[in-house]
Amino acid sequence: MGFPARFIAFEGGEGAGKSTQARRLVAALAARGIPAVLTREPGGTPGAEAIRALVLGGEGEGWGARAEALLFAAARADHVERLIRPALAAGTWVVCDRFVDSSRAYQGGGGGLDDADILALHRIGSEGLLPDRTLLIEIAPEIAAQRLILRDAGVDDRIGGRAAPYHARVAAGFARLAEAEPSRFARIDGNGSTDTTHSAILAALGEWL
Ligand code: TYD
């Protein structure tokens, strides 16, 4: 066996550039001969994508923070069991656009749930699986707002469309998580160009490349 396959997660607020950077990372890994699968949360498997439609789509007032946390944990359980663990066991790296720290920052920081409760759901659903490295992409709120206008043309999902104070609590939640676990998290400045951010990401994974 060569080196173990790594599980890499991208985290950050809306408009941080996670999806673009996740795609670039998978391409950079492929160029080094490292097989990697790109996936996202909520979603990644048919069951989890069905839950995604339930949580993020639809009309009306939507879900409360507790129901939301349970649905995200259920989607994650399916994703971990059916896609993430089998890929890692087969020697394929997994690059995931959002993972459990999104539940901790959004339903916890944003929605006011206890971090210990979210981690308990994660233990039940996914045996507490954590990424080997979590890349937290941080950007200024004004830059996020500009990028979202371009990307979404004013159309938000249920969570993305929440008011600015909710998103400020989410950003603060991510920052606290990164401070608490400095060896798992790498904080990446996402305010610059796509190329600059991509280079910072490769540097943050340098020990494995
Ligand atoms: P997505 O379209 O992936 O958002 P973005 O492109 O901004 O990353 O939608 C995911 C939304 O779901 C986003 O608003 C964050 C939210 N979310 C949670 O609230 N909790 C979670 O556990 C996850 C995975 C996502």
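On a 1 Å grid over the protein atoms alone, a pocket is an open set of points where a 1.4 Å probe fits, with protein on both sides within 12 Å along at least five of seven lines; lining residues have an atom within 4 Å of a point. Grid points are joined across faces, edges and corners, and a volume is the space filled by probe spheres set on the points.

This is a predicted model, in which local features need pLDDT of at least 70 and side-chain atom pairs count only at pLDDT 80 or more, while totals for chains, interfaces and linings use all residues. Residues are numbered from 1 along each chain as its sequence is written, and side-chain values use heavy atoms, with hydrogens and water left out.

**Pockets**

The second largest pocket holds about 470 Å³ of space. Its lining has 22 residues, and Gly-13, Glu-14, Pro-141, Ala-144 and His-167 lie nearest its centre. Helices (H or I, at least four residues) and strands (E, at least two) are DSSP runs, numbered from the N terminus. Strand 4 (133-138), helix 6 and helix 7 (164-180) each give at least two residues to this lining. Helix 7 has the largest share, six residues.

The largest pocket has a volume of about 770 Å³. Of its 37 lining residues, Lys-18, Ser-19, Asp-97, Arg-98 and Arg-151 lie nearest the centre. Helix 1 gives the most to this lining, with six residues.

**Ligand**

The ligand sits in the largest pocket (more than half of its atoms lie within 2 Å of the grid points). The shell around the ligand takes two or more residues each from helix 2 (46-56), helix 3 (65-89) and helix 4 (100-110). Helix 4 provides the largest share, four residues.

There are 17 residues around the ligand, each with a heavy atom within 4 Å of it. Glu-14, Arg-76, Arg-98, Ser-103 and Gln-107 come nearest.

Taken alone, the ligand exposes 550 Å², and the protein buries 94% of that. Accessible areas come from the Shrake-Rupley method with a 1.4 Å probe.

**Composition**

Ala, Val, Leu, Ile, Met, Phe, Trp, Tyr, Cys and Pro count as nonpolar, Asp, Glu, Lys and Arg as charged, and the others, Gly among them, as polar. The ligand shell divides into five nonpolar, four polar and eight charged residues. The lining of the second largest pocket has 15 nonpolar, four polar and three charged residues.
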